[in-house]
Amino acid sequence: MCGIVGYIGQKNAAPILIEGLRRLEYRGYDSSGVCTITNGSLLLRKCAGRVEKLAERVQQEPMEGVVGISHTRWATHGSPTDENAHPHLDQSGRIALVHNGVIENYDRLKQRLIACGHTFKSVTDTEVLAHLIGEHYEKASAAPATGMHPLTQAVVNALKEVIGTYGIAVISCDHPDIMIGARRGSPLIVGVGNGENFLASDANAIVAHTRQVIYLNDYDVVTLTRDSYSHTSLGSNTPALQISQIEFDAEAAERGGFAHYMLKEIFEQSRSLENALRGRIDHDDAMPRFGGLNLTTAELREVDRVVITACGTSWHAGLVGEYLMEEFAQIPTEVEYSSEFRYRNAPLDKHTLILAITQSGETLDTLAGLREARRRGHKVLSICNVVGSTIARESDGGIYLHAGPEIGVASTKAFTSQVAVLSLLALLMGRIRNLSPHRAHAVIKALEAIPDLITLTLKQNQNIQRIAAKYADCADFLFLGRGYNFPVALEGALKLKEISYIHAEGYPAAEMKHGPIALIDEKTPSVFVAPRDALYEKTFSNIEEIKARKGPVIAIATEGDEQIARKADDVIYVPSTLDPLFPLLGVIPLQLLAYHIAVIRGCDVDKPRNLAKSVTVE
């Protein structure tokens with residue numbers, strides 16, 4: 001979840017590293033730090049707080065050097081303090097390390113090192129790893145292994161003792177011409193430049209300098225100079241490194257004219273939906289086409305059960321996918337929290353297809369569930385946004401969202417892109433079974449109209465801002481929907497919780513009378529996702545129940561619905577579409593409502609407290 005940037009080249013490293021940290025701050029912003037090699041010594045600056053605080057310190061105390069590492073932290077072991085910020089040094093003070101992940105056996109290693117005379121300045125597991133590398137470096141320097149640099153050998157030997165996950169970058173002032181990187185369970189990429197090379201936990205950090213990257217595999221260890229790279233592996237095999245091209249440019253990862261990344265990404269959804277659909281529909285046969293499933297039609301036809309595994313917003317998209325798969329393809333589908341699925345011994349027969357959904361492609365729980373499913377012999381497909389990500393590479397096949405970089409911690413455009421791709425996948429599974437071309441044509445036509453309908457929905461922004469001001473001081477919200485719109489209610493509640501810190505719950509509307517209705521009063525708004533669909537009358541009755549108890553009602557309704565306007569306190573209208581596709585429109589007012597409430601309350605929308613973008617620790 002933290003951010004790593006490393007640089008080795010011919011330019012002053014510190015400005016490149018700090019700018020990279022700014023681009024990665026959504027991955028963690030409790031503290032940050034940078035270390036460069038200058039005149040045969042390590043120069044270290046680190047502090048608690050945002051990257052801007054570090055930048056101010058470096059401006060006051062300039063740093064030189066053409067090789068360095070940096071880090072922005074989301075705290076796991078130890079609170080956010082100057083001492084616990086990365087980079088950390090070894091016992092000698094001549095090796096520096098930054099680290100993402102968790103060293104599970106750090107306490108045992110620490111006690112051993114203390115017994116050998118080591119002293120520690122922090123309470124982090126990372127500092128233990130730095131000291132361990134230093135201990136092995138002394139041994140490797142005294143008796144170097146044939147063909148391996150002593151610093152690389154020290155990293156390899158230290159990591160063999162480690163239990164846990166890591167993405168690391170290591171430098172030593174004894175060897176100012178190399179930088180070491182390694183990964184297991186935490187993403188790390190190599191950026192290949194001209195007379196310079198990079199390490200980063202995310203391509204956003206380095207896309208302004210190079211679009212040529214190498215996605216490291218678990219157990220890879222790389223040694224970089226300014227002109228070359230080499231690698232070894234702690235695993236049983238050492239596959240060759242392959243250079244890939246970053247799909248987006250630096251401009252795509254900027255805020256543009258928007259106040260926040262989240263608002264920009266909400267307004268990008270017309271385009272991101274078009275990208276998700278582009279080139280994937282055969283209109284003649286009313287058949288979706290995917291190039292990367294790596295499963296034949298016969299293999300797909302054998303699937304008689306689908307298990308979707310995901311976390312957070314992706315889990316909510318998976319719930320919509322469950323309804324889509326069962327309606328269009330008549331395939332029983334279940335949605336599992338990845339964090340639970342990985343530890344359950346769920347019965348899965350040989351015709352069960354596992355579908356992993358993730359924006360980043362690096363979510364640790366989802367990755368662990370994927371690996372367990374493949375270990376048991378099941379086919380796994382993935383839906384993710386980041387090309388070259390671990391989950392994309394380890395799946396049997398998959399579908400990329402092509403939504404572009406999503407920087408805001410609270411996911412928005414990834415959700416709608418995931419639902420769009422799930423719609424196509426459900427149509428494909430239906431068409432190779434018993435879904436008629438007439439029905440498929442109707443759904444495809446409606447799906448292709450969604451980007452323009454999103455543009456119309458976004459015109460409600462000012463109205464939503466007005467409604468947000470009316471309810472921004474409320475302490476509790478309820479979000480309610482039925483059928484396809486129950487997952488939308490869950491997603492609306494999550495968005496509000498994430499960025500405004502207001503307590504919010506999502507429920508199926510009919511479940512209100514089974515307990516939650518006790519919470520209703522004049523100060524607790526209920527947000528109903530209530531289009532004119534097959535369950536409209538049922539949902540309207542639930543609204544009546546809330547109003548009878550003097551509860552305020554905000555309705556997300558179909559354009560032209562005057563009946564609901566007479567009952568709800570506030571209405572946000574969206575265009576009409578087919579029932580299964582309404583989540584693609586209904587979620588957008590909820591994203592905007594959460595955004596505007598958070599802004600009114602003075603919250604940091606793009607960097608909500610305690611959260612980070614990509615969850616790569618357990």
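This is a dialogue on how to read several features of a predicted model.

Visitor: Where do nonpolar side chains tend to be in soluble globular proteins?

Guide: In soluble globular proteins, such side chains tend to be buried together. In this predicted model, the largest nonpolar core has 97 residues. Leu 355, Ile 450, Phe 477 and Phe 479 have the most contacts inside that core. A second, separate core has 33 residues, among them Val 5, Tyr 7, Ala 14 and Val 34.

Visitor: Which residues does Leu 355 touch, not counting residues up to four places away in sequence?

Guide: Leu 355 touches Val 306, Val 307, Ile 308 and Thr 309, then Leu 381, Ser 382 and Ile 383, and also Leu 422 and Leu 425.

Visitor: How are two packed helices described?

Guide: Two values are used, namely the angle between the axes and the distance between the axes. Helix 14 (residues 437-458) and helix 19 (residues 583-600) pack at about 25°, and their axes are 9 Å apart. An angle under 35 degrees counts as roughly parallel, and helix 14 and helix 19 are therefore roughly parallel to each other. Their crossing is right-handed.

Visitor: Which residues make the contact between helix 14 and helix 19?

Guide: Helix 14 contributes Leu 447, Ile 450, Leu 453, Ile 454, Thr 457 and Leu 458. Helix 19 contributes Leu 584, Leu 585, Ile 588, Pro 589 and Leu 592. By class, this contact has 10 nonpolar residues, one polar residue and no charged residues. Ile 450 of helix 14 was also named among the residues with the most contacts inside the largest core.

Visitor: At what angle do helix 13 and helix 19 pack?

Guide: Helix 13 (residues 413-431) and helix 19 pack at about 170°, with their axes 10 Å apart. An angle over 145 degrees counts as roughly antiparallel, so helix 13 is roughly antiparallel to helix 19. Phe 415, Thr 416, Val 419 and Ala 420 of helix 13 meet Pro 583, Leu 584 and Val 587 of helix 19. The classes here are six nonpolar, one polar and no charged residues.

Visitor: Is Leu 424 buried or exposed?

Guide: A residue is called buried when its relative accessible area is under 20%. Leu 424 counts as buried because its relative accessibility is 0%. Leu 424 lies in helix 13. Between Leu 424 and Leu 277 there are 147 residues in sequence, counted as their separation, and 8.2 Å in space from C-alpha to C-alpha. Leaving aside neighbours within four places in sequence, the contacts of Leu 424 include Leu 277, Arg 280, Phe 290 and Leu 447.

Visitor: Where is His 99, and which residues is His 99 in contact with?

Guide: His 99 is in strand 6 (residues 95-100) and is buried, with a relative accessible area of 1%. Beyond neighbours within four places in sequence, its contacts include His 71, His 86, Asp 125 and Tyr 166.

Visitor: Which residues does a cis peptide bond join?

Guide: A cis peptide bond joins His 86 and Pro 87, with omega at about 0°. Pro 87 is in the loop between strand 4 (67-73) and strand 5 (88-89). His 86 was also listed among the contacts of His 99.

Visitor: What is the phi of Tyr 219, and what is the phi of Asn 294?

Guide: Tyr 219 is not a glycine, yet its phi is positive, at about 80°. Tyr 219 is in the loop between strand 11 (212-215) and strand 12 (220-224), and counts as partly exposed at 33% relative accessibility. Asn 294, also a residue other than glycine, has a positive phi near 60°. Asn 294 is in the loop between strand 16 (287-288) and helix 8 (297-302), and is exposed, with a relative accessible area of 57%.

Definitions and conventions. Residues numbered from 1 in each chain as written. Predicted model: local features only at pLDDT ≥ 70, side-chain atom pairs only at ≥ 80, totals over all residues. Heavy atoms only, no water. Core = buried A, V, L, I, M, F, W, Y, C linked by side-chain atoms within 4.5 Å. Buried < 20%, exposed > 50% of the residue type's maximum accessible area, 1.4 Å probe, protein only. Contact = heavy atoms within 4.5 Å. Axes fitted to C-alpha atoms, helices over the stretch in contact; angles between N-to-C directions. Helix = DSSP H or I, 4+ residues; strand = E, 2+ residues; numbered from the N terminus. Parallel < 35°, antiparallel > 145°, perpendicular 65-115°, else oblique. Left-handed = near helix turned anticlockwise from the far one by under 90°. Nonpolar A, V, L, I, M, F, W, Y, C, P; charged D, E, K, R; others polar.
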